[in-house]
Amino acid sequence: MVTKVAVLTPRSWLKELALTQRNRLLGAALCGVLAGSQTIVLVVGLAWLIEQLVVQDRSPLTLLPVFGLLAGCVMLRALCQWCYETLSLEAGLRIRQLARAQLLDKLSALGPVWLTSQHSGSLANQVVEHIDALEGYFARFYPQLLITLFLPLVILIVVGWLDYLVAIFLLLSAPLIPLFMALVGMGAERLNRDQFVAVSRLSAYFIDRVRGMTTLQLFGRTGAVQQDVWYATDDYRRLSMRTLRLAFLSSAVLEFFASVAIAVVAMYVGFGLLGYIEYGPSPSLTLFTGLAVLLLAPEFFQPLRTLSQHYHDRAAALGAAESVVNIFNVPDMVSANEHARPLSGASAIELTAACAAYPGRGQVVGPIDLTIQQGDAVVISGASGSGKSTLLALLAGFVAPSAGTVRWQSARYAWLDQQPCLLYGSLEDNLRLAAPDASRDEMLAALQRAGLGSLLTQLPKGLDTLIGERGVGLSGGQAQRLALARVYLSNAPLVLLDEPTTSLDVETEQFVLTALLALAKEGRTLVIATHHAAVIASAQRHFVFKEGLLEKVRS
């Protein structure tokens with residue numbers, strides 16, 4: 001049955017990912033707080049040293065132990081900072097690896113039928129760019145958020161011990177900064193989401209134009225397409241600049257309020273030391289306390305400053321996560337077949353009241369009761385859109401049955417259709433897709449059996465000859481025979497074929513049919529979806545689709 005998936009949101013998914021590296025992220029935050037604490041010791045110690053040297057007129061030699069203590073604090077701070085960077089970057093790396101694996105597993109669970117309705121450029125952009133956009137959130141923003149929750153509190157306690165009026169003022173001014181950051185951040189999140197959608201569309205648009213370059217050149221449309229690509233990239237540039245402007249605005253808001261607060265603290269310390277302020281702890285202000293609170297005021301806002309610098313990483317991560325969770329929320333289509341038991345005996349496949357349905361279309365095939373024996377050559381015919389390809393997808397497990405069961409003798413199968421999947425690389429590379437451990441002699445034998453022996457002798461590089469994506473460099477018949485050689489090489493007991501002879505000439509079609517029927521004589525099971533009379537006549541069993549139901553013609 002179609003698997004129901006829990007509805008994810010970008011925030012919930014990011015939270016789940018953070019929990020997988022909870023210890024490293026907390027360790028990074030702890031190291032950041034410890035590094036900040038060493039800064040507090042350095043600032044207070046420096047203020048005390050200045051007072052001792054200027055006011056108390058002590059000799060620097062008598063203060064050497066304090067200088068040594070501060071030097072130790074500098075080394076310890078550097079160590080804590082190194083640990084913070086190491087743990088946060090490692091956590092970010094591991095989370096991105098996990099997120100990419102989850103996305104690839106989900107794409108696998110959605111299956112080839114769903115993937116054919118998507119654009120490969122957009123999916124590749126999501127798997128690479130959108131997942132990489134999570135790095136800043138986990139490696140920088142998330143640990144810094146935890147640091148910002150604790151380090152200012154420690155500084156506030158120290159400032160309160162030195163001068164509670166300054167602590168009260170810092171406490172009152174601090175909430176204004178995250179408030180305005182949040183207001184600006186809501187707009188940044190929306191812009192980042194739009195930006196990721198735009199770059200996915202741009203990737204898909206660009207790949208479409210590259211793949212169709214030959215056709216565009218034949219029709220003289222390259223100039224117009226070049227102009228369209230320029231407009232598309234310029235729109236993306238404008239959107240990126242709007243996002244950056246908003247990110248800079250967030251930093252500017254923080255800097256403004258932080259600068260005003262520090263300036264007020266400086267004025268208070270100055271007037272207090274001059275004796276113009278007579279209330280509270282002002283009369284007891286000394287060079288030590290005044291200088292210490294003045295130096296600690298910027299450190300109080302420093303975690304917020306750093307968080308503001310990484311706030312754009314949060315918006316970028318939420319924007320990227322939204323496009324990814326949209327894929328996670330699509331119900332799985334590939335059959336897990338968790339309720340079916342393996343077959344025994346001579347049966348290769350058994351369908352029991354099996355139905356197939358697509359989201360938004362409802363049931364398109366079934367119910368179907370069908371048993372296919374080992375070594376059968378079965379042909380499925382019918383009008384276009386009647387359900388032939390859906391039945392093959394059901395037999396391959398590309399689509400989970402919406403009702404009923406599908407049971408297999410073996411989970412291994414070979415797939416061959418009218419447009420075989422050929423990748424850029426050598427002939428050997430493409431053959432190894434079916435049998436990664438095959439020897440070169442086995443590959444040569446498979447090519448010879450598929451009728452490519454004469455072509456291979458004409459190629460100076462033999463198996464190392466390069467072909468382009470989708471078989472560029474080979475004719476349609478040669479590409480089909482190369483795919484047929486992969487079927488031979490796989491030794492899969494079940495062979496599923498979807499219109500394997502379309503666009504082939506009569507001679508090549510007859511050769512492919514003869515080769516396929518030879519597979520059946522070897523005991524391998526063939527299921528062929530076709531409307532070609534020659535293919536139908538050559539099969540042992542024939543079924544026809546009518547209104548989503550399978551009717552037996554010859555058995």
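This briefing walks through the fold, the surface and the salt bridges of the protein shown above.

The structure is a predicted model, in which local features need pLDDT of at least 70 and side-chain atom pairs count only at pLDDT 80 or more, while totals for chains, interfaces and linings use all residues. Residues are numbered from 1 along each chain as its sequence is written, and side-chain values use heavy atoms, with hydrogens and water left out. The protein has 555 residues, and 49% of them are buried (buried means under 20% relative accessible area, exposed over 50%, and partly exposed in between, using a 1.4 Å probe and protein chains only).

**The whole protein**

- The secondary structure comes to 18 helices and 11 strands (these are DSSP runs numbered from the N terminus: helices are H or I with at least four residues, strands are E with at least two).
- Among the contacts with a separation of 6 or more, 80% join residues 24 or more positions apart (contact means heavy atoms within 4.5 Å).
- The accessible surface is about 27,500 Å², and carbon and sulfur atoms account for 61% of this surface (areas come from the Shrake-Rupley method with a 1.4 Å probe; for residues, only the protein chains shown count as cover).

**Transmembrane regions in the record**

- An unreviewed UniProt entry lists residues 25-50, 62-80, 141-162, 168-188 and 246-271 under "transmembrane region" (positions follow the numbering used here, feature names are shortened, and annotations may be inferred rather than shown by experiment).
- Residues 62-80 are 89% helix and 0% strand, with 29 Å between the end C-alpha atoms.

**Strand β3 and its partners**

- Strand β3 covers residues 377-381, and 5 of its 5 residues are buried, so the rest of the structure largely encloses this strand.
- Both faces of β3 are covered: Ala 377, Val 379 and Ser 381 are buried on one side, and Val 378 and Ile 380 are buried on the other.
- β3 pairs with strand β9 (residues 525-529) in the parallel sense over 4 bridges (two strands pair if DSSP finds at least two bridges between them).
- β3 also pairs with β10 in the parallel sense, over 4 bridges.
- Val 379 has Ile 528 as its bridge partner in β9, and Val 379 stands opposite His 542 in β10.
- Ile 380 has Phe 543 as its bridge partner in β10.
- β10 (residues 541-546) is itself mostly covered, with 5 of its 6 residues buried.

**Nonpolar residues at the surface**

- Leu 53, Val 54, Val 55, Leu 61, Leu 64 and Phe 67 form a nonpolar surface patch with about 560 Å² of accessible area together (patches are made of residues with over 30% relative accessible area and no salt bridge; like charges are joined within 9 Å, and nonpolar side chains, meaning Val, Leu, Ile, Met, Phe, Trp and Tyr, within 5 Å).
- Helices α2 (22-54) and α3 (64-115) each supply at least two residues of the patch.
- Val 55 sits in the loop between α2 and α3, and this residue counts as partly exposed at 49% relative accessibility.
- Leu 19 lies in helix α1 (residues 10-20), and Leu 19 is exposed, with a relative accessible area of 52%.
- Although Leu 19 and Ile 95 are 76 residues apart along the chain, their C-alpha atoms are separated by 9.6 Å.

**Salt bridges**

- The count comes to 11 salt bridges (a salt bridge is a side-chain nitrogen of Lys or Arg within 4 Å of a carboxyl oxygen of Asp or Glu).
- One of them joins the side chains of Asp 132 and Arg 96, at 3.4 Å from N to O. Asp 132 lies in helix α4 (residues 120-132) and Arg 96 in helix α3, so the pair ties together parts that are 36 residues apart in sequence.
- Asp 132 is partly exposed at 30% relative accessibility, whereas Arg 96 is buried at 13%.
- Arg 96, Arg 100, Asp 132 and Glu 135 are linked in a network of salt bridges.
- Glu 428 and Arg 432 meet in another salt bridge, at 3.1 Å from N to O; Glu 428 is buried, with a relative accessible area of 13%, and Arg 432 is partly exposed, with 25%.
- Arg 449 forms a salt bridge with Glu 522, and their closest N and O atoms are 1.7 Å apart. Arg 449 lies in helix α14 (residues 440-449) and Glu 522 in the loop between α17 (506-521) and β9, so the pair ties together parts that are 73 residues apart in sequence.
- Arg 449 counts as partly exposed at 35% relative accessibility, and Glu 522 counts as partly exposed at 44%.
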